[in-house]
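Please look over the sequence and the model shown here before reading on.

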Amino acid sequence: MSSSPVPVPAPLQPYGRPPLRTVQVLGGAGADSSAHVRSLTTGLAARGVRVTVCAPVEAEGEYDFTGAGAQFAPDAVSAMRAACAGADVVHAHGVRAAVQALLALRGRRVPLVVTWQGGGPTAEGSLGRLGRLLERQVARAAAVVLGASSDQVDLARARGARDARLAPVAAPAGDPPGADPGKARAELGAVERPLVIAIGSLVPHRGYSVLLDAARSWRVLEPLPLVVVAGEGPLRGELARRIETEGLPVRLLGRRRDAGRLLAAADVAVLPSRWEARSLLAQEALRLGVPLVATAVGGVPDLVGDAGVLVPYGNAPALAEAVTGLLSDPARRAALAAAGRAQAATWPSEDDTVAQILSVYDELTHRR
């Protein structure tokens, strides 16, 4: 998805005097959480809130939190501890970030807000037990846990959260995709063939192995579809070997800053994940009017409604059939494009998201 800097609005009336001071903690450089923190930082800074973002250096390089109005600090515990020294509220995005924040806050009575990033199937064995232990520690320590989907809220409560609330995250608007989708298709080699796109890091829960299973059945289609995957991650080598060995019509594009432009040029977007809360890909596809085939997991059904084609996770034949059906039915694609735009109009805006989070901060600082 696009991560280009978003212009910072002119400052509004300061939210509080003295200004509210928040620290946003990112435990990694994941696209969804980084884009959300970038959007949140822009909105908070425009309202007079002083924001410090503690994140990996590579996340600052890609998402330019300082350009959104924040101070930046690396995610080392010592730097985070210094950043949190004068904070009114610390907001951690994900369980890993929350663990780091708890270490930085040790001995300080500063409210901790946690945006829950988990919710999918947990690992088995000792790794799974450790993950659940950390989730319980974070849930019980947080003043408020925010979940982007109802199953995240339920999980946080099951882990012991005192106060868990639904807080849908709006996808950042990003840059306009451009007026010439044909140019993007030409660059990818899909001028005379259908273009199917998936976007997201190359990690197990994204379900790309199932997507490759489905792509085997598309080899007999005429014209042959081109499937492109924009993203990078540890599974690149394994996926690339399968693509070459099985002769699949799939290209791994790596991380792309223009993923939104490529998405706008696609005939169908595919989300084969094992679990998602409020998928950025799903939100951007529906906003752009790109027909979506997605797994019916996590928060996807509530997010998409009837504006996409939902299939069970791990069912490659169902995924393949859904995509094939859309590619052969232009009228169905047009109907889904219109339904997607209508569904997107019902979602909260970035301003709505900022306003809700500000109300949580306000409540916590008044409690103090």
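Residues are numbered from 1 along each chain as its sequence is written, and side-chain values use heavy atoms, with hydrogens and water left out.

The protein chain has an average pLDDT (the predictor's confidence in each residue, from 0 to 100) of 90, and 90% of the residues score at least 70. Over residues 2-16 pLDDT stays under 50, and the model has 32 contacts beyond four places in sequence for them; contact means heavy atoms within 4.5 Å. Where pLDDT is low, the predicted coordinates should not be read in detail.

Helices (H or I, at least four residues) and strands (E, at least two) are DSSP runs, numbered from the N terminus. An open sheet is formed by 7 strands in the order β3-β2-β1-β4-β5-β6-β7, with parallel pairing; two strands pair if DSSP finds at least two bridges between them. β3 (71-74) and β7 (164-166) are at the edges and have a single partner strand each, so one side of each is left without a neighbour in the sheet. Strand β6 (residues 144-147) runs parallel to β7 and is joined to it by 3 bridges; G147 has L166 in β7 as its bridge partner.

The axes of α4 (residues 95-104) and α5 (residues 125-141) come within 10 Å and cross at roughly 65°; axes are lines fitted to C-alpha atoms, for helices over the stretch in contact, and angles run from 0 to 180 degrees between N-to-C directions. On the α4 side V95, A98, V99 and L102 take part, meeting L134, E135, Q137, V138 and A141 in α5.

Two backbone details remain. Most residues other than glycine have a negative phi, and most peptide bonds are trans. D64, in the loop between α2 (57-63) and β3, has a positive phi of about 50° although it is not a glycine. The peptide bond from E222 to P223 is cis, with omega near 0°, and P223 lies in the loop between α8 (208-217) and β9 (226-230).

Terms used. Predicted model: local features only at pLDDT ≥ 70, side-chain atom pairs only at ≥ 80, totals over all residues.
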